[in-house]
Amino acid sequence: MSNPRQIAFLALRDVHRRGVFADIALDKWLQKAKQQEESALIPSDRRLATELVYGCVRRMRTLDAIIDQLAKKKSANQPDDLRIILHLGLYQLRYLSTIPASAAVNTTVELTKDNKFKGLAGFVNGLLRQYIRLAEAENTDPLVLPDDEISRLAILHSFPDWIVANWCDRLGIAETEKLCTWFNQSPTLDLRINPLKTTLEEVETAFQSAGVQVARLPHLPQALRLCSGAGAIENLPGYQAGWWTIQDSSAQLVGSLLEPKPGQVAIDACAAPGGKTTHLAEMMEDTGTIWACDKAPSRLKKVTENADRLQLHSIQTLSGDSRNFTQFHQTADWVLLDAPCSGLGTLHRRADARWRQTPENIQELSQLQGELLAETANWVKPGGHLVYATCTIHPKENEEVIQGFLASHPTWEIDPPTTDSPAAHFAKPEGWITVWPHHHDMDGFFMVRLRKQQTA
């Protein structure tokens, strides 16, 4: 099975029929293709299958709107598999300029025949060619959009109305459109170098010698961004030696806000897969004690694997619900609560997150975040610090959680980043940090450092 469009079709069928996450479905079918063929998929076919799966999931609402407009039967009433096939054809025509229109049509028609819809091949061919004719007529967009601004943006950029409405309330229409556009880009890959093993300059030189281009990132002293596809991560220079780890630049900011000192006690309350835990260990020069806690023992294994590869020895793991760890009461100099959240700041990485979250989920998460914050605050010694962070940009999970906590915990206060901290560049007047992706070209994040006052 070396046909990248067939692989994409099968993965998307798992997404739509069984609710499988897009990345898991794609990996399953890429692995099956690898097992069935004498040689692995060529890189270009693998990239095309990946682009089609993530692209069709991201752009699902737009593609459905086109079907609604061009077909007699609405997209919701089409057979599930046929709807996926139409998505694949329309996605290539609308978003993949490197694929000739004729090739997009012909391969989609063949896909239709190969998947038990031979009798509807003419319908698929006709709908796709109708789209091409409309696109070529005076070079206009075949998709007719409503006048209402929220619905227009939501359909054009493929988001639920409630997400777009929230952004419009906070940013306005023009800024929201820029944010929508940013979230529909393919994600970048950032590295955090391990200063206990190497230097930024040494990693740069090694990558350049291997023909891999990297760029430094402003305000982040340990960060490098891969400028192009680099193949298998584990084959890149320095990976096996523990010179660096994959971590988005926004997540690196969280560590810089913590500023722990060697020899102290730090606790990462929701640690897996360990990117921020290992960052703590590096900043503490691998001394003192770092507890990595997580509810899922299987996920804690990833923390241990990352620590072992980076050759860090100060990390201990503990599985369980962080709301129940009374043994940590007033033991920590630093606590990091990277709270479970909706992930609405990482919609470019998580293709299906925009369709899985709801306003009701946000409310439930906000409740959980408040409970975790109230409990983990008990772990901090007087004069110690807690950093609360999320990879979401929804105020119910961020500002409102912090405001509620401070209102009921008078011995706590916001401690803004110091002027020489990398995080200072991103700080708001309130003392917390909101990273807007379209402004800073990194994942959407919220983070705030809180200080527990010394007792009298």
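Which residues touch the most other members of the largest nonpolar core? They are Leu88 and Leu90, in a core of 51 residues. A nonpolar core here is a set of buried Ala, Val, Leu, Ile, Met, Phe, Trp, Tyr and Cys residues joined through side-chain atoms within 4.5 Å. This is a predicted model, where local features need pLDDT of at least 70 and side-chain atom pairs count only at pLDDT 80 or more, while totals for chains, interfaces and linings use all residues. Residues are numbered from 1 along each chain as its sequence is written, and side-chain values use heavy atoms, with hydrogens and water left out.

- H1, helix H2 (22–36), helix H3 (43–58), helix H4 (60–70), H5, H6 and H7 each supply at least two residues of the core built around by Leu88 and Leu90. Helices (H or I, at least four residues) and strands (E, at least two) are DSSP runs, numbered from the N terminus.
- The top contributor to this core is H5, with eight residues.
- Take Leu90 and skip its neighbours within four places in sequence: Leu90 is then in contact (heavy atoms within 4.5 Å) with Leu63, Ile66, Ile67, Leu127, Leu128 and Tyr131.
- There's also a second, separate core of 35 residues, and Leu310, Leu336, Cys341 and Ile433 are among them.

**Helix H6**

- H6 covers residues 101–114, so count 14 residues, and from first C-alpha to last it reaches 20 Å, close to the 20 Å expected at 1.5 Å a residue. That expected span is 1.5 Å times one less than the number of residues.
- Its buried residues are Ala104, Val105, Thr108, Val109, Leu111 and Thr112. Buried means under 20% relative accessible area, exposed over 50%, and partly exposed in between (1.4 Å probe, protein chains only).
- Helix H1 (4–18), helix H5 (80–95) and helix H7 (121–136) are included in what covers them.
- Just after H6 comes Lys116, with a positive phi of about 70°.

**Helix H9**

- In helix H9 (residues 161–171), the buried residues are Ile163, Val164, Asn166, Trp167, Cys168 and Leu171.
- They pack against helix H8 (149–157), helix H10 (173–183), helix H15 (353–356) and helix H18 (437–440).
- Gly172 follows H9 and has a positive phi, near 90°.

**Aromatic rings**

- The structure holds 13 aromatic pairs. Rings of Phe, Tyr and Trp (its six-membered ring) pair if their centres lie within 6.5 Å; planes under 30 degrees apart are stacked, over 60 edge-to-face, and the rest tilted.
- Tyr388 and Phe446 have ring centres 6.5 Å apart and planes at 70°, so this pair is edge-to-face.
- Tyr388 lies in strand E9 (residues 380–390) and Phe446 in strand E12 (residues 445–452), so the pair ties together parts 58 residues apart in sequence.
- Tyr388 is buried at 0% relative accessible area, and Phe446 is buried at 0% too.
- Ring pairs also link Phe159, Trp167, Trp182 and Phe183 into a cluster.
- Arg309 lies over the face of Tyr239, 3.9 Å from the ring centre. For this, NZ of Lys or CZ of Arg must be within 6 Å of the ring centre and within 35 degrees of the ring normal.
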